[in-house]
Each structure stands twice: as structure tokens, then as C-alpha cells.
Amino acid sequence: MKLAIPKERLEGETRVAASPETVKKLTALGLEVIVEAGAGKHASFADQLYSEAGATIAQGTAEALKDADIVFKVRAPSDEEIGLMKRGAMLAAILNPWDDKARLQKYAAQGVNAFAMEFMPRITRAQSMDVLSSQSNLAGYKAVINAASVFTRAMPMMMTAAGTIAPARVFVMGVGVAGLQAIATAKRLGAIVTATDVRATTKEQVESLGGSFIMVESEESGDAAGGYAKEMSEDYKRAQAALVAEHIKKQDIVITTALIPGRPAPELVSEEMVKSMKPGSILVDLAVERGGNCPLSEAGKRVEKHGVTILGDVNVAAQLSVDASSLYAKNLLNFITPLIDKETKALSINWEDEIITGTCLTKDGQVVHPSLREGGN
């Protein structure tokens, strides 16, 4: 069976769906791996490294995708790439179907069996396949580094002969994978860190990293299925806004990470809150690609509003292209390995498996994912 790794063509996408390390393991599974020339350039994976790992280098997308049984990508394929895929081919990538339902229909029309890696269920045996976790971990780290790079003060407390520099105060909103890594990174840099989340279960995690947890006192639970957060009631939102408004005035750096699957990002930091922040403060909005946790955030831009610098960088994990690619490639390897029959070396998919039903968008020319079928929520 042929497995293709095309070059990513989306502007700003520096990641690649296979590393030389995973190519070795994919070929050991009995797969013939085809990598498009230059696919790993931005991740510092030269074509020669792929060749030495056992891959064939294809000159162009059409050659890479020709007769491919499996296609690994980082982002959704273009219309041209979809048209080059054979009927029955398996596609695994971050497909963003909520915002790209037209492309979803194109996978079905082409007969491509498409799997959205970001839909991976949060179960124990799928942890090593969870692309959201691997990429969010890096994004949380990079958010703090980016904030520190534009912050005009030092992060840790410093004792000098000329006087003492107070430590920076960092407030993390949303304690998922990205939020936890942001807390850990800010603490390593010497900041005083506080965090909030609608899920009371995250309090212990925040405190284990040396942060202080603040939360609205309420019997309402923010826990949703799979460890995600759910949308809260209007009363809760008002109470949360009041708590945040008072706390945010004293912060130097605010990092927002809150996302609700399938919905626009919730607004956590209003314009009035931004106005109340100290001049020179930094706001990093990691949810900007889903509309943002702050209405002043602009996707792909760094802007100054009311004396506050707002970082709206998109695809933050891709700023760490080597590690992001390596981790993502391992997620894909771990996903495909149990689907390859050890005897025949062919795909052997249990279509009733929870991992498959959770990630499969299209099969045999039909949209099959329950949440995306016409009439689904």
C-alpha cells in the first residue's frame, strides 16, 4: 500500500505530516511511503533524510498522490489535491469541518474516506493519537514566550543594587492542555501566575504547577464529555465577567485559551476589561482562529488597543515547526499502526471502533459523522 505525504501549501503552515523517524516505522509496517519534494523544508527535514529513512521522493503533488491508498496531511487538502485522490483513499489530517462543510461534501463526492484528527476521542488508548493535545502543548508554551518577547519588563523578580524588580503577573484563562503549559512556562520564567476555568476539577492541576486558581462560586458545572468545557449559563457568565474584571486590572500578561468544540470561542475579555488593564500589558488570544476570547483580537495580527498589546497569532504551534511536526507525525503513526493488518499489510479498519467513529467524517461517498450529517448538531 502507498502512503503519500504531500507538501503543505496553506500560507504560514510550516509543519509536515511525517518525520524521517516516522517514515522508518511506516515502512516497517509494510507501507510504501511517498514524500513530495520539499515537504519537510520548513521543519528542517531535508528530502535526503526522508530518502535515507526509506521514502521515495516525488516531484510534485500529482506524482505523490497518484494511486495513494493513504494520505497524511497537516491541513485540509485543496480542491486540486482532492481531485488527485483515488476513490477509496484514506485521508487523515486536521480538517476543520465545522468551518469548511463545502469541502466535506467534496471528500464524499470524490469517494475519499476522510478522518479529522482533531476529533480524536479523549479516551486512554487514543492519548498518543491526540493531535489537539500535542499541538496545544506547544502553543501554550509559545504563547508565554511570545508575550515575554514584547513585554517591556522582566518576568522574574530581580534583586539588584539599584533596587528590586517585581515579578510579572500572568493570568491564564482556560486550563486545558495549552493553559496548563502556559502556567508551567510562566512559572519557570519567574512570574506570579493565576488561572481560571469553568471546570472546578482543574483547580488541583493549576495548584500542582504553582499557580493560584480563581473561580466563580457556583453549583453549576462546566465539565462536558471528553474532558472539554461546556458553554455556561448567562448568570454564570455575568458572575465570571465580574470576577475577571476585578482581577485583570492587576495583571501584566493575560493568556486566553478557551474553546468550545463546534462553536465560536466564548468572549472572556471585553473591551472594557482591556481598557482597565495597565498600560504596557499584553493579551495573547489563542482562540483567535475561532473568533477570539476578546473582541479586539485580530486574527494574524498584533495590535495595540487602549495601551494594551494584543497578540492574535494564528497557528501558533507551527512557530515551533520541528517539534510540532515530530509530535504530529507520531500522532498519525500511532493512529495508522493498529489499522494495518500484520499479515496482509493491508488496511483493516474496524468501522465500529470508538476511535474510528469519532474521527471518520466521510465513508463510501457519504458524510457519516453524526454531528456533521444534515440535521446533526
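Mentor: Let us begin with accessibility: a residue is called buried when its relative accessible area is under 20%, exposed when that area is over 50%, and partly exposed in between. Please keep in mind throughout that this is a predicted model.

Trainee: Which residue does the side chain of Asp79 meet in a salt bridge, and at what distance?

Mentor: A salt bridge is called when a side-chain nitrogen of Lys or Arg lies within 4 Å of a carboxyl oxygen of Asp or Glu. Here the side chain of Asp79 meets that of Arg103, at 2.9 Å from N to O. The two residues come from distant parts of the chain, since Asp79 belongs to helix H4 and Arg103 to helix H5 (residues 101–110), 24 residues apart.

Trainee: Which residues are linked with Asp79 and Arg103 in a network of salt bridges?

Mentor: Asp100 and Lys106 join Asp79 and Arg103 in that network.

Trainee: How many salt bridges does a search of the whole structure find?

Mentor: The search finds 24 salt bridges. One of them is formed by the side chains of Asp69 and Lys86, at 2.7 Å from N to O. Asp69 sits in the loop between helix H3 (61–65) and strand E4 (70–75), and Lys86 in the loop between helix H4 (79–84) and strand E5 (90–94), so this pair ties together parts that are 17 residues apart in sequence. Lys86 has a relative accessible area of 30% and is partly exposed.

Trainee: Where in the chain do Asp353 and Arg125 lie, and how many residues apart are they?

Mentor: The side chains of Asp353 and Arg125 also meet in a salt bridge, at 3.2 Å from N to O. Asp353 is in the loop between helix H11 (321–336) and helix H12 (354–359), while Arg125 is in the loop between strand E6 (113–116) and helix H6 (131–150), and 228 residues separate them. Arg125 is partly exposed, its relative accessible area being 47%.

Trainee: Which residues line the largest cavity?

Mentor: A cavity is a space where a 1.4 Å probe fits but cannot get out. The count comes to one cavity of 30 Å³ or more, and about 40 Å³ of space lies in the largest cavity. Its lining is made by Ala143, Asn146, Val284, Asp285, Leu286, Leu311, Asp313 and Val316, which divide into five nonpolar, one polar and two charged. Helix H6 and strand E13 (282–285) each supply at least two residues of this lining.

Trainee: With which residues is Lys301 in contact, leaving aside its neighbours within four places in sequence?

Mentor: Lys301 is in contact with Ile310, Leu311, Gly312 and Asp313. Lys301 lies in the loop between E13 and strand E14 (302–305), and with a relative accessible area of 46% it is partly exposed.

Trainee: Finally, what is the phi of Ser44, and where is its place in the chain?

Mentor: Ser44 has a positive phi of about 65 degrees although it is not a glycine, and its place is in the loop between strand E2 (32–36) and helix H2 (47–53). At 56% relative accessible area, Ser44 is exposed. Lys345, also not a glycine, has a positive phi of about 65 degrees; Lys345 is in the loop between H11 and H12 and is partly exposed at 34%.

Key
Residues numbered from 1 in each chain as written. Predicted model: local features only at pLDDT ≥ 70, side-chain atom pairs only at ≥ 80, totals over all residues. Heavy atoms only, no water. Helix = DSSP H or I, 4+ residues; strand = E, 2+ residues; numbered from the N terminus. Buried < 20%, exposed > 50% of the residue type's maximum accessible area, 1.4 Å probe, protein only. 1 Å grid on protein atoms, 1.4 Å probe; cavity = no way out; pocket = protein on both sides within 12 Å on 5 of 7 lines; lining within 4 Å. Points joined across faces, edges and corners; volume = space filled by probe spheres on them. Nonpolar A, V, L, I, M, F, W, Y, C, P; charged D, E, K, R; others polar. Contact = heavy atoms within 4.5 Å.
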